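Q: I have a structure open and want to go through it bit by bit. Can you help me read it?

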Amino acid sequence: MSRAKAKKSNVDDYLRMYRQMARIRAFEDNANQLYLSAKMPGLTHMYSGEEAVAVGICEALRVTDKITSTHRGHGHCVAKGAEFKEMFCELLGKEEGYCRGKGGSMHIADQSNGNLGANAIVGGSMGIATGSAFTAKLLGKDDVTVCFFGDGATAQGLWYEVMNMAALWKLPVIYACENNGYSEYTRTDEIAAGSIVARAEAFGIESHQVDGQDVLAVNALTEKLVARARKGEGPFFVELKTYRYHGHHVGDINRDYYRSKDEEKDWKENRDPIIRFRSWLVEQGIANEAEIDAMNAEIADDAKAAVDYALAAKYPDSTEVDMHVYTDVKHALARGDAR
Amino acid sequence: MREITLSQAVNEALAEEMRRDETVFIIGEDVAEAGTPFKVLSGLVEEFGTARVVDTPIAEPGFMGIAVGAAMTGTRPVVDLMFGDFIYLIMDQLCNQAAKTHYMSGGKLSVPLVLRTNLGATRRSAAQHSQSLHALVAHIPGLKVALPSSAYEAKGLMKTAIRDDNPVVIFEDKLMYQDKAPVPEEEYLIPFGEANVLREGSDITLIGTSSMVQVCQKAAEILGSEGISAEVIDPRTIVPLDEETLLASARKTSRVIVVDEGHQSFGVTGEIASRINEKAFYHLDAPVLRMGAMDVPVPFSPALEDITVPTPESVVENARRLVHGEMIHAA
């Protein structure tokens, strides 16, 4: 854990960072239960274990700053300011979801908080993030865009194309690689030749590595890079070493063939970002155990209430099926066509 | 009325829209000083600068992706894709991202983007620079597809496309860039989804798209000299498609040939023919005939390339047979 000394002026920030990480964990624990109890259509990808990455970065952003997210996107969504209720409704395909149930877990977008959306194509949002930064530059705004992606996505050619252009045009984008060590069901060292950081450096992009389990370290680095990106000193690349506690998706239960239970146990017991940050908060006298327990209990209640709400919420009406295909056509399909 | 080339018409449309709306910008390979290999964009960088006429590396998926993200966040990119054949390179950004964003976000996000590209064979450019791939794009819900058939159409459709809040793909016929047509000096827009009846007739309907509109016009003239009255319709946009105008004509003439430069199988001709069969069946005196490009890669040799696409003569031949009741089944 960071050896940083707490600053009195930052107490609210520290508590909010803890709260946001705990909210992500609570969200994912509930989502997993919804899957295991067969109450959720489809499947989902858990962010548990990686909370310090999303929170450390998003706490350095303004509401008007943009992010693009991934198939493992619940953490980014919560960290950028989303509400449980609309998120659970989306996971269950309900009308009150962020995307009226049309996107689901892998496509949650929350424009009001600058989340341009999760993306179910690995690496699929790298162009979108770079384009968002292009808009800021063209229109003279000082918004910064953070592009979240995993180590697996570094194998996609698109990243190299857009990094090249971002570097040529000095775009305000931060490429944040959440390296959790596994590209789906394959160890990253089996799919990544050489060094991932060196790939960004090859474009002349200033690159950093940071412990993705240390929320203060992630936040401190991001604060600096965001401030510089706003002044036109971007783009930047950050590799965050982290770990996903679950499998590639919730159904990936038997994973002994690609990673050991001992390894999982080690990360969960010795490097958990929430446990580590909690100890630091107590040690620095920012909160005591009872206060943190109370915060956790309140978050658990919020999550349960949101799940109950979403389970009871209504599905979209069937007439919605051909709405939102085009912005200017209420219903895209002609009546009377055979189906 | 003054006459200008299709190339000048597109250039004017872009310049007018860029003057009107400062969020419009052009992005693509060699769009700035070079003005593209076809010189369609000549002069724009001088007026609007390199911030809004943006040269990119040769990285189609990359600049297409950047355009999608830019469109989602408050700008109106016009992406220049040098050849329609390169659409295969940008399929994920176009079809998985741009086309679906509005729907997947439940209507919250939109992608007001124009993809300018081209189609058309017989330019001796061989199989990777000659394809007409608009049917691929038209297959994907969420995209609109415009097919201008003259300088007049190209200008009006481009201006409408730039103002549209959806991703629009415009395919220009690259053989037509130097073709002149009357284009008013005053501003005008051509709405999407409104077919243009170029010639009225009573014996047969020729529905032609893009490059094939001229082919149908020439065929209609020849047929007219033989006493066969052909109606010629240009749908202008295939998504949205003005089904009503096409169906009304089919009901009136009772015979239809659909002519399009995309490959014939699983293409635009088949789709339009099917809709007419489903909705005007009892008015038809003959099967609706499809005439597309041959289902072969476009060959280089002129001796081979020229026989892969419909011609006025081949349209006339088929029309005669339909009108004389000879054809039950056509290949």
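Q: Start with chain B. How many helices and strands does the secondary structure of chain B come to?
A: This is a predicted model. In it, chain B has 12 helices and 14 strands.

Q: And what size of box do the C-alpha atoms of chain B fill?
A: Roughly 60 × 40 × 40 Å, taken along the principal axes. The radius of gyration of chain B is 20 Å, and a compact globule with 331 residues would have one near 20 Å, so the two agree.

Q: How much of chain B counts as buried?
A: Of its 331 residues, 57% are buried.

Q: What share of the contacts in chain B joins residues at least 24 apart?
A: That share is 79%, counted among contacts between residues at least 6 apart in sequence.

Q: Which domains does the assignment give for chain B?
A: Domain 1 covers 3-182 and domain 2 covers 196-323, according to the domain assignment. The C-alpha centres of domain 1 and domain 2 of chain B are 26 Å apart.

Q: How many residues does each domain of chain B put into the contact?
A: Domain 1 of chain B gives 26 residues and domain 2 of chain B gives 23 residues.

Q: Which elements are on the domain 1 side of that?
A: Those giving two or more residues are helix H6 (134-138), strand E6 (144-146), helix H7 (151-163) and strand E7 (168-173) of chain B. By class, the residues on this side of domain 1 of chain B, where domain 2 is touched, are 15 nonpolar, 7 polar and 4 charged.

Q: Now the sheets. What is the strand order in the open sheet of 7 strands?
A: The order in chain B is E3-E2-E4-E5-E7-E6-E12, and the pairing is mixed.

Q: What does mixed refer to, in general terms?
A: Strands of a sheet pair through backbone hydrogen bonds, either parallel or antiparallel.

Q: Which strands stand at the edges of the sheet?
A: Strand E3 (53-55) and strand E12 (237-239) of chain B. Each has a single partner strand, so one side of each has no neighbour in the sheet.

Q: In what sense do E6(B) and E12(B) pair, parallel or antiparallel?
A: E6(B) and E12(B) are antiparallel, joined over 2 bridges. As for residues, B:Val145 has B:Val239 in E12(B) as its bridge partner.

Q: What about the open sheet of 5 strands, which order does that have?
A: That order is E9-E11-E10-E13-E14 in chain B, again with mixed pairing. The edge strands are E9 (196-199) and E14 (289-293) of chain B, and each pairs on one side only. On average, neighbouring strands of this sheet are turned by 25° against each other, direction ignored.

Q: How many bridges join E10 and E13 of chain B?
A: There are 4 bridges between strand E10 (residues 204-208) and strand E13 (residues 256-263) of chain B, and these strands run parallel. B:Thr205 stands opposite B:Val256 in E13(B).

Q: Switching to chain A. How many helices and strands are in chain A?
A: Chain A has 12 helices and 7 strands. Its C-alpha atoms fill a box of roughly 65 × 50 × 45 Å along the principal axes.

Q: How many of the residues in chain A are buried?
A: Buried residues are 51% of the 339 in chain A.

Q: Last topic. How many residues of chain A are in contact with chain B?
A: 34 residues of chain A are in contact with 36 residues of chain B.

Q: Which helices of chain A supply at least two residues there?
A: Helix H5 (126-139) and helix H6 (157-169) of chain A each do. H5(A) gives the largest share of the side of chain A that touches chain B, with 11 residues. By class, this side of chain A has 16 nonpolar, 13 polar and 5 charged residues.

Definitions and conventions
Residues are numbered from 1 along each chain as its sequence is written. Chains are lettered from A and ligands numbered from 1 in the order in which they are written. This is a predicted model: local features need pLDDT of at least 70, side-chain atom pairs count only at pLDDT 80 or more; totals for chains, interfaces and linings use all residues. Domain bounds come from an automatic or database domain assignment. Two residues are in contact if their C-beta atoms, placed from the backbone, lie within 7 Å. Ala, Val, Leu, Ile, Met, Phe, Trp, Tyr, Cys and Pro count as nonpolar, Asp, Glu, Lys and Arg as charged, and the others, Gly among them, as polar. Two strands pair if DSSP finds at least two bridges between them. A residue is buried if 20 or more other C-beta atoms lie within 10 Å of its own, exposed if 12 or fewer, and partly exposed in between; C-beta atoms are placed from the backbone. Axes are lines fitted to C-alpha atoms, for helices over the stretch in contact, and angles run from 0 to 180 degrees between N-to-C directions. The radius of gyration is taken over C-alpha atoms; the globule rule is 2.2 Å times the number of residues to the power 0.38.
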